[in-house]
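Welcome, and please open the model in your viewer. We will go from stop to stop, selecting a few residues each time.

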Amino acid sequence: MISSNIRFFGVGLTLSLLWMNGLSAETPTATDVAFFEKEVLPILKANCFACHGSEKKLQGGLRLTSREDILKGGEGGPAVDLKKPDESLILMAINYDGLMMPPKGKLPKAQIEILTKWITRGLAWSDKAAAAAVKAHGIPVVDDEARNFWAFRPVVQPTIPEIKNYKSRIANPIDSFVLAKLEANEARPAPMASKETLLRRLFYTLTGLPPSPKEVESFVNDNSPDAYEKVVDRLLESRHYGEHWARHWLDLVRYAESNSFERDNPKPFVWRYRDYVIRSFNSDKPYDHFLREQLAGDELDEITPDSIIATGYYRLGLWDDEPADRPLAFYDGLDDIVATTSQTMLGLTANCARCHDHKIDPFTQRDYYSLLAFFHGIKPYGGDNEILRFIGNEAERNRHAAATADWEGQMANARKQIAAFEDAIKDKLPGGEIDDFKFDGKRRQILRKQRGKLISMEEHDNYERLHRERERIERERPKSLEQALAIKEESHPRDTFVLLRGNPQAPGDRVEPAFPSVLLAANSKPPELPARRDGSESSGRRRVLADWIASPTNPLTARVMVNRVWQFHFGRGLVRSSSNFGYMGSPPTHPELLDWLAGEFIRGGWKLKPLHRLIVMSTAFRMSCQADSAIASKDPENDWISHFDLRRLSAEEVRDSILAVSGNLNLKKSEGPSIYPVIPREVLAGQSVPGRGWEKSSAEEAASRSVFVHIKRSLAVPLLTVFDAADPDSPCPVRFTTTQPSQALALINGTFANEQATLFAASLRREAGTDSTACVTLGLTRVLQRQPTERDIARGVKFLEDNLHQENVSADEALRRFCLLAINLNEFVYLD
């Protein structure tokens, strides 16, 4: 599979070289127009229209807003020469050959290649798309046309399409939409994946863990029609499902367990939020209620410990405990909340309108501050009194108050008896000891010296008994009620003003809480807000926002979430820009499918497990990664979904899989305070105080799943970092997938990899004995999650023999090296 991709990349490179070799431009095709809309127009919009798209600000007389204007050119002549496209002024400018455009910095090589291809292919154009882009580049206009943008229209489930071919491949309506797209483009779907490949894919997509050899064998040998369906249902009921899918949500809400900045102190009890998310996914809590709890869990009709814990959502961001400008730091915190809420839940980049109207989307600065007003009553992050709340019920609070009062009475009585004894003796002490007797810590020592002198032995024994009794009472202090990192709010929220250029010192017009105007009908009334109540712990405003976001009539919420679920199953969403459904975002590859899934999601009560089941039961999910070269030449990014995309395991999946195949993964841990895997001293040395804030877990605890690893913003686990774990400083909708030398070094030279290879080898010895073939077979079966071929086994055995005879190492060391080699195989790290 990988080799075929490499061959295709070589063909693409050859074509790129031909385009740059002075050939005359070709006549644009429909594919070229689509390429313009998807690849070229965003580059022009982001880099060119500011100076070459406005009537008021036109540099060099060159306008780039129509094909005719480009061919006409400006003061320097035509911008594109279709007869000699490689000599076009635009290409000279973007390559910094005499001209230098854009002046702010040279475009990346990939973007230069896109523009080169566009020009040499005939300068394809779309007047409609370009006009929308030019309009979007100016001041955002909220009108009927803006409200009719695909993402802002109400969700309406479309009719399931009829197809002519491949009807046997329809397992559910998802396949009808996918096959209709392929049929429209005269393309065919890839063959179905093998049972071993499919099982591995299913395990990772639902639980983030590899199947065991026994699970693979059982599935391969189960020929019943519902064999696959049974595994799907079992995995959805596994608690490991919630652990895996919680990690996706934690990426989106910038979950971390420390505050960043200089001290990077820990956030108390923040792990309860992580456990809440895991429980919510495992219980299949309706997504609309999941959102309401996080946005307004303290304002719901029924307030529960979970709904309080959920509001820890507001406390996950960065916090500077010594800001140079406190008002600015306060609004930075609110901006973080606006950004995370709008991007994660609505797919909107609302935070781009903090200092001015949004440059692209119909979202004004007034809209931004009207949205911020819902959060303006939140008490800023600070001491425990501002950020912690008890999560027990009223009866538990009453019992705790009574027990505490009783304990305080006992402590007061014990202290009173000790003080009475000390007051009776202190005036009789020698001069020097009278001065020292003022200090509590020295009194027992002084009186011990006076035993049998100023006080009798019996009196001293009684004095010591009183101290022991006080110490006992002190140890038996009632345990604190369980606490959670949560929101606290002023009952009277602050007035909100549009801040000119985002400056807290320059307030403009006053605004009230309101929803983005582009998502409302024209002339809509502002939302009805609860009346202010003296003594109330909150304003109730966040509940109003939560109900609107979680409403089935909101055009974005369901679309955004089903797109994310699709992304985490297929490696990319139907909308690739999964946190940007605005004008600059990617349009959906299958808009009807997206709306059908969103409608189905709402109709099913916002339940995620049925949505997962629907997706993984489709034949679209069960296709192989085998790409057809003819289709790939027309659809290189697989937007038609003609095959399943190969993907690398995530950072957490890599670590958990190494632990699993080594037989060392601790699956007992399912909740509670986070774990601290060993971090090499060399890494700890990079801290200002080496090791500060990184505790030591037992070896068993440290081998728990990666979702339970403590996330310290200034100190990350190296293996997770090199394999592109999420940056917790901001919402992470899509993980990077990099290929870098540090990954190979981590898996070959890293302490963790070598320790696990040692444990892996010991496990093989216990199960397979000293027989080399048996050890290699079992090791590869664990790592590859399939039955190894004779060639695989022969190569493994030869590796052992070469180490024994050529490297002169022991049999155990040779096996350890083999285990290290096995966890470095591409087939282990990649999922097809």
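Start by selecting Asp792, Ile793, Gly796, Val797, Leu800 and Asn803: these are the buried residues of helix H37 in this predicted model. Look down the axis of H37, and you will find these buried residues within an arc of 130°, so they line one face of the helix.

What lies over the buried residues of H37? The cover includes helix H36 (772-784) and helix H38 (811-822).

Is Gln785 buried or exposed? With a relative accessible area of 1%, Gln785 is buried.

For another positive phi, select Ile641, where the angle is near 60°. Ile641 sits in the loop between helix H29 (629-634) and strand E5 (647-648). It counts as buried, at 2% relative accessibility. Such spots are worth a look because most residues other than glycine have a negative phi, and most peptide bonds are trans.

Select Met101 and Pro102: the bond from Met101 to Pro102 is cis, with omega near -5°. Pro102 belongs to the loop between helix H5 (89-94) and helix H6 (109-120).

Now for the rings. How many aromatic pairs are there? The count comes to 33. To see one of them, select Phe149 and Tyr583: their ring centres are 4.8 Å apart and their planes stand at 75°, so the pair is edge-to-face, an angle over 60 degrees being what that label requires. Phe149 lies in the loop between helix H8 (144-147) and helix H9 (173-184), while Tyr583 lies in the loop between helix H25 (557-570) and helix H26 (591-603), so the pair ties together parts that are 434 residues apart in sequence. Phe149 counts as buried at 18% relative accessibility, whereas Tyr583, at 23%, counts as partly exposed.

Keep the rings on display and select Tyr241, Trp249, Tyr255, Tyr273, Tyr276, Phe281, Tyr287, Phe290, Phe601 and Trp606, which form one aromatic cluster.

Two charged side chains come next. Select Arg201 with Phe621: Arg201 lies over the face of the ring, 5.8 Å from the ring centre. Then select Lys669 with Phe708, where Lys669 lies over the ring face, also at 5.8 Å from the ring centre.

Finally, zoom out to the whole protein. Colour by secondary structure to see 39 helices and 6 strands. Along its principal axes, the C-alpha trace spans about 115 × 80 × 55 Å. Of the 832 residues, 50% are buried. The protein exposes about 39600 Å², and carbon and sulfur atoms supply 53% of that area. Among contacts with a separation of 6 or more, 69% are between residues 24 or more positions apart.

Terms used: Residues numbered from 1 in each chain as written. Predicted model: local features only at pLDDT ≥ 70, side-chain atom pairs only at ≥ 80, totals over all residues. Heavy atoms only, no water. Buried < 20%, exposed > 50% of the residue type's maximum accessible area, 1.4 Å probe, protein only. Helix = DSSP H or I, 4+ residues; strand = E, 2+ residues; numbered from the N terminus. Arc of directions from axis to C-beta. Contact = heavy atoms within 4.5 Å. Phe/Tyr/Trp six-rings, centres within 6.5 Å; stacked < 30°, edge-to-face > 60°. Lys NZ or Arg CZ within 6 Å of the ring centre and 35° of its normal. Areas by Shrake-Rupley, 256 points an atom, 1.4 Å probe, with all protein chains shown as cover.
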